[in-house]
Structures are given as structure tokens and as C-alpha cells.
Amino acid sequence: MADTYTPPVTGTGAKATIQRIGGHLAGMIMPNIGAFIAWGLITALFIPTGWLPNETLAKMVGPIISTLLPVLIAYTGGRMVHGQRGAVVGAVAVMGVVVGTDSPMFLGAMIIGPLTALILKYVDKFTEARTKAGFEMLVDNFSAGIVGGAMAVAGFLGIGPIVQAITTAAGNAVEWLITNNLLPVASVLIEPAKVLFLNNAINHGVLSPLGVAQAAEQGKSILFMLESNPGPGLGLLLAYLLFGPRQLRPSTPAAMIIHFFGGIHEIYFPYVLMKPRLIVAVIAGGAAGVFTFIATGAGLVATPSPGSIFAYLAVTPKGGWLGSSLGILVATGVSFAVAALLLGFGRSEKAAEEQESVSSTEPATKEA
């Protein structure tokens, strides 16, 4: 399934291994991108700071991101490894991770879904040759139930806390960089953490509390701008639109709207997971944006939530719109330039099309 979104990876080196892992991660998320867009629309419209605030309809936001999306990711990951049986046990197992932690467990879902399916795959190989005729359905159902239930317990007790510890460690590292006046370097941690869906933990768990304290003293804080800048993601999506895989280009305009105007940054994370080297582009864009914010003395009075351009400008203090806008623009430009370079300005796509064209004409030539 991952090959639907990324070209086949050959070789056994470190680069090939990273590309293969990124392809599998993207393969778990891209089939569910419609669910992400649906959640993004509901969030952008109905939360208190949305376009059409509605307290009743906003109740859907939490359950979708904390339960539905992780279950879909684990289900898809399990299906990639062991078909429908793997999908079912992956969905069961991820509930232990979901219930065991408070933050959205996208990373946990990417781990436990395929892992549970892989375990069931080996169990099926073991029982297949040892099951007597007529007992296949009984053995299959009980083996899936036992594996799924056991992994749900393991996820609750083990994987969930481990991912939570990773989130806490990332937050502590970002806080250390901030307290040591290394703001631009913070992008090296913030952007990869965002792509692993730890953005809310970093922003609301670390940056926002520190920013509130700073804003109380100075009237504004640059810390509100470190994670929420929509520029890096917009630049990446623009590069995908112009130079990315052709089968993905039609999905990028909707993702750009959801990301930039709706403020739902999660929409671009799968595009980075698909080609892990593009993390360099968003890091460069984020750091360039922070440099610009520092140079212009920019700051916000509160956390822009969601991180859309409208929310950004709404919490910009009077007279600070130039610095805020310039930081977003610079981040977009740098991220786009680096991503376009890493994508080879579409040359690999053109080469693939030419190869397909040649291969499609070869049979006709031989027949003639």
C-alpha cells in the first residue's frame, strides 16, 4: 500500500532503509487523509476560535483526533502487514494506547498497528500447519482475539507510556533551547516533533506556558510563533504541488487551504513522512522564520489556535503585522526552495514518465 504513494525503494543502505520506513509510515496515513481533512474542517469551523463557533458540534473534535484517527491509522498499518486480520487486531490493540494516554497517539498507532499484525502473522503460520480440519475458524478467531487483547494490554502498560515519555523528553529539550537563547536551533527539534504528531504537546505543553509568562511581562512573546508558524508547511505543500509525485498533486490544494487558512498543520505531516528527507525543508523554513521574527522584534499576545493565518494576525499586537507576515513569508519561501531542491524540481517524475512511455511503446514496436 505504501508503494501507491512512494516509488519502489531498492538497495539496503541507510538511505534506502529510511525511505522504506517513511513510505510505510506514509502508507498508514495517506489512505486516511480524507478523515484528516474532515477533522480539519470540523475543527476550523466549530471550535470556539473557529469560523462558525458551535459548542455542541465542537464536541466531535476531541474524539476524532484522540480515538478515530489513531484507530484508522493502526487499522491501515495492520492491513498493510497481514490483510484484514492484521487490520482488525491492529485496531483492537491501539485502543490500549489511546486509553492509556491523554495526548493523541498517532505515533503509538503507527507502532502498535503493524507490530500486532506482524505477531498475528507469525502466530497464523504456526497454527496453520497444526490445526485439524474443521477447527480453522475457531482457532483463527481465538488467536486473533488473544493477540489483539494481549497487545491492547501491552499498549496500555508499555507503548503508551513510552511514547508519552518521548513527548515529554522532546518538550524538555525545546525548553532547554529556549532558556539558553537558542531559539532558531529549536526548529531542529520542533519540526521533526511536529511531523510525528507531537505538535500539540510541544506547543501547549511547553511553548504556551512559557509564552504566557513572557507576554505578561513584555506584552508579547515570540514563543507563541515557534511551532504555530504556517509558513514551513505551506512552502512544503507548494513544492509538492509543483514538483511532487503526480498522483499526489491533486490532493495538495485542499491540504494547503486546510493548513494555511484552517490552521490544521497535521494535514501536511504525511507529505513529510512520505519522503523523510523533506524534514530538512521544514526545519530550514522554521529556522528562517524564527530568525526573521527575532530580527523584526515580532511577537504575539497569545497562542494562535488553530495556527491559521487569520488566527496569527488576530493575536498580533498593534503595529506588529509586518514582522509576523514577513516571518511567515520567509519561512514559506525557504521551505519551498529547499523542498523543491530535494524533490529535484520534478526531474525524477519526468524521468519516470519517460520510462513508462518507453515501456508502453516497446510491445507495439516488437509486434510490428
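1. R85 is partly exposed, at 25% relative accessibility (buried means under 20% relative accessible area, exposed over 50%, partly exposed in between, with a 1.4 Å probe and protein chains only). R85 forms a salt bridge with D124, the closest N and O atoms being 2.9 Å apart (a salt bridge is a side-chain nitrogen of Lys or Arg within 4 Å of a carboxyl oxygen of Asp or Glu). Since R85 lies in helix 3 (residues 61–100) and D124 in helix 4 (residues 106–128), the pair ties together parts that are 39 residues apart in sequence. D124 is buried, with a relative accessible area of 11%. Helices are DSSP runs (H or I, at least four residues) numbered from the N terminus.

2. This is a predicted model, in which local features need pLDDT of at least 70 and side-chain atom pairs count only at pLDDT 80 or more, while totals for chains, interfaces and linings use all residues. Residues are numbered from 1 along each chain as its sequence is written, and side-chain values use heavy atoms, with hydrogens and water left out.

3. The structure holds two salt bridges. One of them joins K194 and E191, with the closest N and O atoms 3.9 Å apart. Both residues lie in helix 6 (residues 187–195), and their spacing of three residues separates them by about one helical turn. K194 is buried at 1% relative accessibility, and E191 is buried at 1%.

4. Helix 2 (residues 33–46) packs with helix 3 at an angle of about 175°, their axes lying 11 Å apart (axes are lines fitted to C-alpha atoms, for helices over the stretch in contact, and angles run from 0 to 180 degrees between N-to-C directions). The two helices are therefore roughly antiparallel, a term for angles over 145 degrees. In the contact (heavy atoms within 4.5 Å), A35, F36, W39, I42 and T43 of helix 2 meet V61, I64, I65, L69, L72 and I73 of helix 3.

5. Helix 8 (residues 231–243) and helix 9 pack at about 170°, with axes 10 Å apart. This makes helix 8 roughly antiparallel to helix 9. From helix 8, G233, L234, L237, L238, Y240 and L241 meet T252, P253, A255, M256, H259 and F260 in helix 9.

6. F261 belongs to helix 9 (residues 252–261) and is partly exposed at 34% relative accessibility. Together with W51, L52, I257 and F310, F261 makes a nonpolar surface patch of about 530 Å². Patches are made of residues with over 30% relative accessible area and no salt bridge, like charges being joined within 9 Å and nonpolar side chains (Val, Leu, Ile, Met, Phe, Trp, Tyr) within 5 Å. Accessible areas come from the Shrake-Rupley method with a 1.4 Å probe; for residues, only the protein chains shown count as cover.

Definitions and conventions
Angles under 35 degrees count as roughly parallel, over 145 as roughly antiparallel, 65 to 115 as roughly perpendicular and the rest as oblique.
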